[in-house]
Amino acid sequence: MSDTPAFMLANLVIRDTEEYRKYEKGFFPILKRFGGEFLTFDDKPLMLEGTTPPEGRLILFKFPSAEVAQAWYDDPDYQALSEHRRAGTELKQLTLVHGLPPRG
């Protein structure tokens, strides 16, 4: 298993706040179980360049490695919880970004 961190970038549009709140409530305990770290979110990111601004909320969180991030995503508890996200939001993207390896 790699010791290179991985970052998850989510872009979603909240359509049903109650369903999304159910997801949020259960999200953090599962994230912590996998050593994940919530870094930030922004509902109105500033677009400096490009032609297609992101719609909705951008969320950034971190995992110890890409393998751990994939295990989190595949986890049955997370998949069951994510049904609330699917019911309450329109997911534009969920992207895994590999971090830089440690410099030696």
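Reader: What is the average pLDDT of the protein chain?

Author: This is a predicted model, so confidence comes first. The protein chain has an average pLDDT of 94, and 98% of the residues score at least 70.

Reader: At what angle do α1 and α3 pack?

Author: The angle between helix α1 (residues 17-33) and helix α3 (residues 76-88) is about 150 degrees, and their axes are 8 Å apart. Angles over 145 degrees count as roughly antiparallel, so α1 is roughly antiparallel to α3. The crossing of α1 past α3 is left-handed.

Reader: Which residues make the contact of α1 with α3?

Author: From α1, the residues include Tyr20, Tyr23, Phe27 and Ile30; from α3, they include Tyr78, Leu81, His84 and Ala87. By class, the residues of this contact are seven nonpolar, five charged and four polar.

Reader: Are α2 and α3 roughly parallel or roughly perpendicular?

Author: Their axes cross at roughly 65 degrees and come within 6 Å. The range for roughly perpendicular is 65 to 115 degrees, and α2 and α3 are therefore roughly perpendicular to each other. In the contact, Trp72, Tyr73 and Asp74 of α2 meet Pro76, Tyr78, Gln79 and Arg86 of α3. Four residues of the contact of α2 with α3 are nonpolar, two charged and one polar.

Reader: How is a pair of aromatic rings described?

Author: By the distance of the centres and the angle of the planes. The whole structure holds 14 aromatic pairs. For Phe27 and Trp72, the ring centres are 6.1 Å apart and the planes lie at 85 degrees, so this pair is edge-to-face. Phe27 is in helix α1 and Trp72 in helix α2 (residues 66-74); 45 residues apart, they link distant parts of the chain.

How values were computed. Residues numbered from 1 in each chain as written. Predicted model: local features only at pLDDT ≥ 70, side-chain atom pairs only at ≥ 80, totals over all residues. Heavy atoms only, no water. Axes fitted to C-alpha atoms, helices over the stretch in contact; angles between N-to-C directions. Helix = DSSP H or I, 4+ residues; strand = E, 2+ residues; numbered from the N terminus. Parallel < 35°, antiparallel > 145°, perpendicular 65-115°, else oblique. Left-handed = near helix turned anticlockwise from the far one by under 90°. Contact = heavy atoms within 4.5 Å. Nonpolar A, V, L, I, M, F, W, Y, C, P; charged D, E, K, R; others polar. pLDDT = per-residue confidence, 0-100. Phe/Tyr/Trp six-rings, centres within 6.5 Å; stacked < 30°, edge-to-face > 60°.
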